[in-house]
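Here are my notes on this one, written as numbered points. Have the structure open while you read.

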Amino acid sequence: MARILIIDDEPLVRFTLRRILERCGHEITEAETGKLGVEAHRREPADLILMDIVMSGMDGYGAIRKFVGEFPDVKIVAMSGGGRTHNRNSLEAAKSVGALMTISKPFRSAPLLAIVSELLANGPN
């Protein structure tokens, strides 16, 4: 299947995403910060990146800009768990800096898997 990089500062979110995606046969790499995520992708490029927006250090916006600048074909799904209005605004902002799709936390596995399948089926960005 695909190699997917999960970048989120919440261990429970990374664990949950890993479980959902590994059941579908995907190979998972994790990072707890944007900076570590960029380094992980440089070492072993992922087919898809699931990126939290709100993280300490390099936030999701900075990391998305870095990914898009270094890897123009990267496929990024931005995730955010903020309140309704804040969440919608932050996810729209993530699209404006390079995320292809977004998902709100908490998420259900079916919509997440649909997004992952759609992006992976579309080939290179």
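What radius of gyration would a compact globule with 125 residues have, and what does the chain have? A compact globule would come out near 14 Å, and the chain has 13 Å, which agrees. Here the radius of gyration is taken over C-alpha atoms, and the globule rule is 2.2 Å times the number of residues to the power 0.38.

1. Ground rules. This is a predicted model, so to speak of local features pLDDT of at least 70 is needed, side-chain atom pairs count only at pLDDT 80 or more, and totals for chains, interfaces and linings use all residues. Residues are numbered from 1 along each chain as its sequence is written, and side-chain values use heavy atoms, with hydrogens and water left out.

2. Overall layout. I read 5 helices and 5 strands in the chain, following the pattern β-α-β-α-β-α-β-α-β-α along the sequence. Helices (H or I, at least four residues) and strands (E, at least two) are DSSP runs, numbered from the N terminus. The C-alpha atoms fill a box of roughly 35 × 30 × 25 Å along the principal axes.

3. Burial and surface. Buried residues account for 43% of the 125 in the chain. The scale is relative accessible area: buried is under 20%, exposed is over 50%, and partly exposed is in between (1.4 Å probe, protein chains only). The accessible surface of the chain is about 6500 Å², with 52% of that belonging to carbon and sulfur atoms. Those areas come from the Shrake-Rupley method with a 1.4 Å probe; for residues, only the protein chains shown count as cover.

4. Contacts along the sequence. Take the contacts (heavy atoms within 4.5 Å) between residues at least 6 apart in sequence: 67% of them join residues at least 24 apart.

5. Charges. The chain carries 16 positive and 16 negative side chains, and the centres of the two sets lie 3 Å apart. Lys and Arg count as positive, Asp and Glu as negative, while His and the chain ends are not counted. Each charge is placed at NZ of Lys, CZ of Arg, CG of Asp or CD of Glu.

6. Strand 3. Look at residues 48–52. Since 5 of the 5 residues of strand 3 are buried, the strand is largely enclosed by the rest of the structure.

7. Strand 4. Residues 76–80 are mostly covered too, with 5 of 5 buried. Ile76, Ala78 and Ser80 point one way, Val77 and Met79 the other.

8. Pairing. Which strands does strand 3 pair with? Strand 1 (residues 3–7) runs parallel to strand 3, joined by 4 bridges, and strand 4 pairs with strand 3 in the parallel sense, also over 4 bridges. Two strands pair if DSSP finds at least two bridges between them. On the strand 4 side, Ile49 is opposite Ile76 and Asp52 is opposite Met79.

9. Ile28. This residue lies in strand 2 (residues 27–31) and is buried, with a relative accessible area of 10%. Leaving aside neighbours within four places in sequence, Ile28 is in contact with Ile4, Ile6, Arg18, Leu21 and Glu22. Arg14 is 14 residues from Ile28 in sequence and 9.8 Å away, C-alpha to C-alpha.

10. Ile20. Buried or exposed? Ile20 counts as buried, at 11% relative accessibility, and its place is in helix 1 (residues 11–22). Beyond neighbours within four places in sequence, Ile20 is in contact with Phe107, Ser109, Leu112 and Leu113.

11. Two loop residues. Glu10, in the loop between strand 1 and helix 1, counts as partly exposed at 39% relative accessibility. Pro106 is in the loop between strand 5 (101–104) and helix 5 (109–121). Please check the peptide bond from Lys105 to Pro106 on your screen: it is cis, with omega near -5°.
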